[in-house]
Amino acid sequence: MSESEQRFGEFVVVRRHEHVAELVLDRPKAMNAVSTDMARSIAAACDALGADRDVRVTVLSSTHERAFCVGADLKERNSFSDAELVRQRPTARAAYTGVLELPMPTVAAVHGFALGGGFELALACDLIVADGTAVVGLPEVSVGVIPGGGGTQLLPRRVGAARAAELVYTARRVEAAEARELGLVDQLVDDARTAALELAAKIAANSPVGLRAAKRAMRLGQGLDLRAGLEVEDAAWRSVAFSGDRAEGVAAFNEKRKPQWPGE
């Protein structure tokens, strides 16, 4: 498996495993708490990945042995004036929307704590793979704020309004087995990073054009009525129907061989 590495600022690394990119949170001294600098780095890494047509799947992971990400850097926040907090808000939002708007399928590999903004980064991914050490939750109301990295919108879409309300209002932490039972994570495995990379490799074997169009259709269609959603799907179908990937996929199927995707 070919591998290369690129660093974005001090706290984010992007590793390449052929057509899978791994966006690695790497601020071990703070359990990956998202500071202003780290938020900028996440956004910059997402910009680079979004522009890279060779990336078919992105895995979001952590170098920390006890945490995926513990959320916003509250020590830094505590030092902010009101004006500084207002100025920092677009930077923080750009990190979460950066992950959310990645055009290719995304998989979060959750090991240890994924709390507040850390869980919101995972929720911004299409799929969440966790291991037995995982502890997730949105505790923001316990410190006088609300989930502001997409949590109030992404969690109800994932688990339903009432279940999301209970989790947000109680601010409670949920351990791995219950998280799987409630649908807060999608797979419970022995090793989150290994399983996430294996899942990503399986996804990456498929057409990159097809994968991006399918993600676009599902994301844009969510929340629309069925008729409008089917129009979104039709537009996405038209965007791939005459692609090189479709021609190669059909040819490979008929010739009983593995497709060599042109990615266009």
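A word on the source. This is a predicted model, where local features need pLDDT of at least 70, side-chain atom pairs count only at pLDDT 80 or more, and totals for chains, interfaces and linings use all residues. Residues are numbered from 1 along each chain as its sequence is written, and side-chain values use heavy atoms, with hydrogens and water left out.

Back to the cysteines. Take Cys69. Its closest cysteine sulfur is in Cys125, 12 Å away, so too far for a bond. Cys69 is buried, at 0% relative accessibility. Buried means under 20% relative accessible area, exposed over 50%, partly exposed in between, with a 1.4 Å probe and protein chains only.

Now Cys125. The closest cysteine sulfur to its own is in Cys46, at 8.7 Å, again too far for a bond. Cys125 is buried too, at 5%.

Next, the helices. Gln153 sits in helix H5, residues 151-159. Helices are DSSP runs of H or I, at least four residues, numbered from the N terminus. Gln153 is partly exposed, at 46% relative accessibility. Its C-alpha atom is 9.3 Å from that of Ala164, 11 residues apart along the chain.

Which residues of H5 meet H6? They are Leu155, Pro156 and Val159. On the H6 side are Ala161, Arg163, Ala164, Leu167 and Val168. Contact means heavy atoms within 4.5 Å.

Conventions. Disulfide = S-S within 2.5 Å. Helix = DSSP H or I, 4+ residues; strand = E, 2+ residues; numbered from the N terminus.
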